[in-house]
Every structure is written in structure tokens, then in C-alpha cells.
Amino acid sequence: MPISRIAVGSPAEAGQADALKAALAEFISVLIFVFAGEGSGMAFNKLTDDDSSTPAGLVAAALAHALALFVAVSVGANISGGHVNPAVTFGAFVGGHITLVRSILYWIAQLLGSVVACLLLKFSTGGMTTSAFSLSSGVGAWNAVVFEIVMTFGLVYTVYATAVDPKKGNIGIIAPIAIGFIVGANILAGGAFDGASMNPAVSFGPAVVSWTWDNHWVYWLGPFIGSAIAAIVYEVFFIAPSTYEELPSADF
């Protein structure tokens, strides 16, 4: 059972070289991802006079996030596991694949990476707004929470199936592109309703730089619940106890 395998870890782990290198890799991966993803929206606004809330804008956002996440996961995979998302890290923690101490390191690095990416975007675009995630007209906070739960479930389930499962075999080769694809597809499904975050770090950076916190909790609660459900479902039903291996965090 995944719950029985949860580990807090030692405080000394936070000072170990491999943990610090992994956290740095997460910082860089999230910076790359947010700069490209958020930047694509800002570029679209620049070209269309702030008209990114169109079908073309949605497709552009989905494509940019899918491609950027594919790269961000790939470049971090051999160092940190390429989580690029606090919700993915939480799912790994729930499944017993990473300690709480290392998770906290990852979370700090991921959030900082997003903030730095948004600061760089604001400066390099001459002060353009890094738009925070928001709910569309007619979409309530709890509607958005359900959206985020379902979309993040799909994301973390994909992570488990292609990167975490010890039986994954050669399917692990396509993990980064599969993860990018599910995020792009979910943006097409949910972007018009709540922005389709699935990633608290992606929501956090723009919120800090624009100092806009309306319904921000939605983009933490939904992804963390969806991630936990996906981790528990996959661990309980598809990873047999006899196949458990001691997997270092850098294995996914």
C-alpha cells in the first residue's frame, strides 16, 4: 500500500549534494516551462491586442505548454526525475517514491523557478502583465476544483504509467512526450473554463508577479487531490506488491 511506504526522510537530506542538484534541476526545468508557456500567452496578446481568449489562443497555449513540458521533463529526468510540478512531486510522495524532505526542496525550487520566469518575462517584454489564472464567467470555484482534480488525475496517472511503474519497460522512453501531450490535451479541454493549470507552480509565479490571488487556492487544492487519487489508484491496482523496487527520485 502506498500510504505505508510514505517516508519523511532526514533533515540532513536537505543538505546532500544529490538533493540540492535535483532541486536546482527542478528550478531550471520549471523556469524553462513557465517562461515558454506563460510567454506564449503574452506573445499572443501582443500580436492580437490582448485577445488570447479565442480558439486560436487556446490552441496556441496548448501547443506551447505541451512542447515546453516535453523539453522540461526530458532535461530534468536524469537528475531530479523531471517532476516540473508540485502536484507530481506530491503524487510521488504519496506513492512512497520520494521523501517529504526532498519533496519540500522540490516544491521550493519549483515555485522559485516559476516566479523567476515570470519576472524575466515582465522585464524582457517591457512590463507586460503576467496574467494570473482566473475562472471564466459562469464557472464557480468548486466547478474549477473538480476540473483541476480530473485533469491532474490524468496527468499524474500518465506519469505513473509511463515513468514510475517498474514494469514500464521501453514505454518509459516516451514518458516526456506522453506527459506533454496529456497537458496539452487538458488545456484544450479545460483552458476555456479555469485556465487548466494542473500545476500549482505554474499558477503561483504569475500570481506573485501580478499580485492577483483571486481563487488561487483552487489551483492548489484541485491538483493535489487529483494527484493523490492518481497515485493511490495506480499503486494499489496496477503496481503489485511483489514488483515494488526502491526507486530513486531521479528514475522519473
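Let's start where two helices touch: Gln-110, Leu-111, Ser-114, Val-115, Cys-118, Leu-119 and Lys-122 in α4 meet Pro-200, Ala-201, Val-202, Phe-204, Gly-205, Pro-206, Val-208 and Val-209 in α7. Sorted by class, this contact of α4 with α7 holds eleven nonpolar, three polar and one charged residues. Please keep in mind as we go that this is a predicted model.

How do the two helices lie against each other? Two packed helices are described by the angle between their axes and the distance between the axes. Here helix α4 spans residues 100-124 and helix α7 spans residues 200-210; their axes come within 8 Å and cross at roughly 45°. An angle under 35 degrees would count as roughly parallel, and 65 to 115 as roughly perpendicular; α4 and α7 are therefore oblique to each other. As for handedness, α4 passes α7 in a right-handed crossing.

Helix α7 has another partner to look at. The axes of α7 and α8 come within 9 Å, with a crossing angle of roughly 170°, which makes α7 roughly antiparallel to α8. On the α7 side of this contact you will find Pro-200, Ser-203 and Phe-204, and they meet Tyr-219, Trp-220, Pro-223 and Phe-224 in α8. By class, the contact of α7 with α8 has six nonpolar residues, one polar and no charged ones.

Leaving aside neighbours within four places in sequence, Met-198 is in contact with Asn-85, Ala-87, Glu-148, Met-151, Thr-152, Leu-155, Val-183, Asn-186, Ile-187 and Pro-223.

Our last stop is Ala-178, which lies in helix α6. Is Ala-178 buried or exposed? Its relative accessible area is 17%, and the cut-off for buried is under 20%, so Ala-178 is buried. Not counting residues up to four places away in sequence, Ala-178 touches Thr-158 and Thr-162.

Key
Residues are numbered from 1 along each chain as its sequence is written. This is a predicted model: local features need pLDDT of at least 70, side-chain atom pairs count only at pLDDT 80 or more; totals for chains, interfaces and linings use all residues. Side-chain values use heavy atoms; hydrogens and water are left out. Axes are lines fitted to C-alpha atoms, for helices over the stretch in contact, and angles run from 0 to 180 degrees between N-to-C directions. Helices (H or I, at least four residues) and strands (E, at least two) are DSSP runs, numbered from the N terminus. Angles under 35 degrees count as roughly parallel, over 145 as roughly antiparallel, 65 to 115 as roughly perpendicular and the rest as oblique. A crossing is left-handed if the near helix is turned anticlockwise from the far one by less than a right angle, and right-handed if clockwise. Contact means heavy atoms within 4.5 Å. Ala, Val, Leu, Ile, Met, Phe, Trp, Tyr, Cys and Pro count as nonpolar, Asp, Glu, Lys and Arg as charged, and the others, Gly among them, as polar. Buried means under 20% relative accessible area, exposed over 50%, partly exposed in between (1.4 Å probe, protein chains only).
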